[in-house]
Amino acid sequence: MSEHQPPGSSDFDARLRAAREAQAELSGKKAEARGDRQSSEKIGIGMRIALELVAGVIVGTAIGLGLDYWLGTKPWLMIVFFVVGSAAGFMNVIRTAKAYDRRMAEQKAAEAARRQNEG
Amino acid sequence: MASPLQQFEIKTLTPLFEIGGTPIGITNSALAMIAAVGVVSLFLGLGMRRAALVPGRWQSMVELSYEFIANMLRENVGSEGRRYFPFVFSLFMFVLFGNLLGMIPYSFTFTSHLAVTFVMAAVVFVAVTIIGFAHHGLHYFRMLFPHGAPLWTAVILVPIELVSYLSRPISLSVRLFANMTVGHVMLKVLAGFVVALGLIGGWLPLAALVGITALELLIAVLQAYIFTILSCIYLNDAIHMH
């Protein structure tokens, strides 16, 4: 122990290091938990996207069949609205995926900013 | 072995009256819904009975579920969403407890019926449309035409956007219904294997059954979450229009 250091400071350093390590371990565990939550979120996203596509086609075809029945134009409007419904389904999928992309990018940016503040 | 679809059968327990030849009564599905409402009320009411500043275990469970939905609304809708908190919270708790109570053996999963989930999705859809028109008036029709697109494309884009808008209640209701039905059928079929293979070979499907049960619990919570967050996203679309 050098003379300009007050007594007991090396003890303090050791304790500080131990506390920092414990803190790092704890935040590591937190990051792990975040990863878990993200993986269950991905199951949700997958289920959403698959159904989004089908729903558009079903609704389009149903509208077409209904209009055909009403106007007596079998089968033309059904064919037209089947195509329109498919387009709507694809648009739903693209929209869901884009919204998810944006959320992911925001999360990554927030994470990076947090890390910069810490480091 | 009983049919795996038998569990979804609707049975009238106490017939009440008839409307135009259609018998109305308390069915096992209605009983399950009443039970879900009762359990939610007990969970929230008894949890907050002694509203302490430092919450106990039960009270913090209640507060967690409150904060979960409050945060979801704040993040997805913003401060305007606070007015709709009671509805969104009720929706979430009803679906969540419906899914979870359905996991108890011999109980009934009312969310595995399209009639139930479609009514909930239709209520959300109609409410969101009314809120949209109330906020923006006839401007709400701009929803059907993206900003910045050339005017002549309206012929193609408006029908597509209309179908896309109308497909919301379908995807919302079918998602919940299909997930719950498939999960329960799978559990029943695997349980049938356990009985059929007996003491010698039944252990393997039994082990799988334990895993699938855990997965089903995850899906029960996840689907309630998805149903609610999509309602929030639709609400946000109606209030802020893209």
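Biologist: At what angle do helix α1 (residues 28-47) of chain B and α2(B) pack?

Modeller: Two packed helices are described by the angle between their axes and the distance between the axes. In this case, α1(B) and α2(B) pack at about 120 degrees, and their axes are 8 Å apart. That makes α1(B) oblique to α2(B). Angles under 35 degrees count as roughly parallel, over 145 as roughly antiparallel, 65 to 115 as roughly perpendicular, and the rest as oblique. The axes are lines fitted to C-alpha atoms, for helices over the stretch in contact, with angles running from 0 to 180 degrees between N-to-C directions.

The model is predicted: local features need pLDDT of at least 70, side-chain atom pairs count only at pLDDT 80 or more, and totals for chains, interfaces and linings use all residues. Residues are numbered from 1 along each chain as its sequence is written, while chains are lettered from A and ligands numbered from 1 in the order in which they are written.

Biologist: Which residues of α1(B) and α2(B) meet?

Modeller: From α1(B) come B:Phe43, B:Leu44 and B:Gly47; from α2(B) come B:Trp58, B:Gln59, B:Met61 and B:Val62. The contact has 5 nonpolar, 2 polar and no charged residues. Contact means C-beta atoms, placed from the backbone, within 7 Å. Nonpolar covers Ala, Val, Leu, Ile, Met, Phe, Trp, Tyr, Cys and Pro; charged covers Asp, Glu, Lys and Arg; the others, Gly among them, are polar.

Biologist: At what angle do helix α2 (residues 57-76) and helix α3 (residues 85-101) of chain B cross?

Modeller: Their axes cross at roughly 125 degrees and come within 10 Å. That makes α2(B) oblique to α3(B). B:Ile69, B:Ala70 and B:Leu73 in α2(B) meet B:Phe85, B:Val88, B:Phe89 and B:Phe92 in α3(B). By class, this contact has 7 nonpolar, no polar and no charged residues.

Biologist: How many helices and strands does chain B have?

Modeller: Chain B has 6 helices and 2 strands. Helices (H or I, at least four residues) and strands (E, at least two) are DSSP runs, numbered from the N terminus. The order in chain B is β-β-α-α-α-α-α-α.

Biologist: How many bridges join strand β1 (residues 12-19) of chain B to β2(B)?

Modeller: Two strands pair if DSSP finds at least two bridges between them. β1(B) and β2(B) have 6, and run antiparallel. They form a hairpin with 2 residues between them. B:Gly20, in the turn, has a positive phi of about 55 degrees. B:Glu18 stands opposite B:Pro23 in β2(B).

Biologist: How many residues of strand β2 (residues 22-27) of chain B are buried?

Modeller: The count is 0 among its 6 residues. Buried means 20 or more other C-beta atoms within 10 Å of a residue's own; exposed means 12 or fewer; partly exposed lies in between, with C-beta atoms placed from the backbone. Over the 242 residues of chain B, 27% are buried.

Biologist: Which residue has a positive phi although it is not a glycine?

Modeller: Most residues other than glycine have a negative phi, and most peptide bonds are trans. B:Tyr106 has a positive phi of about 75 degrees. B:Tyr106 is in the loop between α3 and α4 (114-136) of chain B. It counts as exposed because it has 5 C-beta neighbours inside 10 Å. In chain A, a cis peptide bond joins A:Lys74 and A:Pro75, with omega about -10 degrees.

Biologist: How many residues does the contact take from chain B and from chain A?

Modeller: It takes 13 from chain B and 19 from chain A. The largest share of the chain B side, 10 residues, comes from α5(B). By class, that side has 9 nonpolar, 3 polar and 1 charged residues.

Note on methods:
Two residues are in contact if their C-beta atoms, placed from the backbone, lie within 7 Å.
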